[in-house]
Amino acid sequence: MALDFLAGCAGGVAGVLVGHPFDTVKVRLQVQSMEKPQYRGTLHCFQSIIRQESVLGLYKGLGSPLMGLTFINALVFGVQGNTLRALGRDSPLNQFLAGAAAGAIQCVICCPMELAKTRLQLQAAGPARTYRGSLDCLAQIYRREGLRGVNRGMASTLLRETPSFGVYFLAYDVLTRALGCEPGDRLLVPKLLLAGGTSGILSWLSTYPVDVVKSRLQADGLRGAPRYRGMLDCVRQSYRAEGWRVFTRGLASTLLRAFPVNAATFATVTVVLTYARGEEAQPEGEAVPAAPAAPAGPALAQPSSL
């Protein structure tokens with residue numbers, strides 16, 4: 001279990017470091033006003049942040065996902081593997097159900113973490129900033145609004161994470177099997193990167209409109225009086241004011257982020273598990289048998305088999 005925990009953490013760190021700049025752009029595009037838009041698109045948003053706030057501006061709110069990734073990855077990969085074993089058979093439906101269970105349970109940590117991240121990504125730079133960091137942000141929200149405020153956007157987070165994690169793990173399992181990801185294959189890492197990145201894209205496409213609603217709810221009240229009474233009210237007001245395209249805002253930067261983030265995450269987890277378990281399986285002090293003509297290496301450890 002310690003090894004699974006370590007692999008999940010390693011994958012999470014890799015994913016956060018690769019993808020956080022894209023996430024900052026996504027959130028700013030999702031919540032900007034269309035009456036007075038600040039950014040013309042993904043590239044303009046990137047350029048504006050770097051010009052006005054330096055490259056570090058792209059990493060605003062990084063502490064929040066880094067703080068939560070240990071618990072989130074332990075929950076996601078642990079729950080997914082245990083649920084799959086409990087279901088008794090490795091089938092496409094069970095892969096989806098196990099992933100969905102993992103997605104639902106990790107919302108307890110994911111929702112407050114993303115609330116802090118969103119608030120930090122949107123606050124002004126310099127001395128005018130409201131929050132000193134992720135913990136300070138959550139502490140201020142708790143003092144003003146209590147536990148309900150810290151869990152703002154929980155319903156939309158559940159609606160996003162539950163099906164999207166089902167798609168995520170199902171797609172990764174199907175793709176690694178289809179690509180023939182086997183230990184010893186010289187193209188193993190590129191295949192894992194392709195499978196992980198594609199799974200991330202499919203996962204985001206499956207629930208992206210819900211993510212727009214979640215971002216708007218979590219940013220509501222940061223700059224002025226709150227506008228939305230709840231998730232359905234947010235959907236109604238957003239659609240009435242901006243049409244259906246509002247629910248695809250920031251999609252380009254999200255998909256640009258999804259591929260490298262999930263490629264790094266899944267490839268890191270799979271490689272760490274594969275080779276660490278291969279070493280674990282070798283009894284201490286036992287002679288290594290003669291290698292066959294084509295070295296097989298350790299068996300490929302799928303995250304779904306944790």
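Let's start with the lining of the largest pocket, which by class has 12 nonpolar, six polar and 10 charged residues. Here Ala, Val, Leu, Ile, Met, Phe, Trp, Tyr, Cys and Pro count as nonpolar, Asp, Glu, Lys and Arg as charged, and the others, Gly among them, as polar. Please bear in mind that this is a predicted model, where local features need pLDDT of at least 70, side-chain atom pairs count only at pLDDT 80 or more, and totals for chains, interfaces and linings use all residues. Residues are numbered from 1 along each chain as its sequence is written, and side-chain values use heavy atoms, with hydrogens and water left out.

Back to that pocket: about 720 Å³ of space lies in it. Of its 28 lining residues, Val-31, Gln-32, Ser-33, Arg-223 and Arg-227 are the closest to the centre. A pocket, by the way, is an open set of points on a 1 Å grid over the protein atoms alone, where a 1.4 Å probe fits, with protein on both sides within 12 Å along at least five of seven lines; lining residues have an atom within 4 Å of a point.

The second largest pocket has a volume of about 350 Å³. Among its 16 lining residues, Arg-148, Arg-152, Gly-153, Arg-229 and Gly-230 lie nearest the centre.

Now, friends, the helices. The axes of H7 (residues 154-179) and H8 (residues 188-219) come within 8 Å and cross at roughly 170 degrees. That makes H7 roughly antiparallel to H8, a label for angles over 145 degrees. Their contact has 15 nonpolar, 12 polar and four charged residues. Thanks, everyone!

Technical notes: Axes are lines fitted to C-alpha atoms, for helices over the stretch in contact, and angles run from 0 to 180 degrees between N-to-C directions. Helices (H or I, at least four residues) and strands (E, at least two) are DSSP runs, numbered from the N terminus. Angles under 35 degrees count as roughly parallel, over 145 as roughly antiparallel, 65 to 115 as roughly perpendicular and the rest as oblique. Grid points are joined across faces, edges and corners, and a volume is the space filled by probe spheres set on the points.
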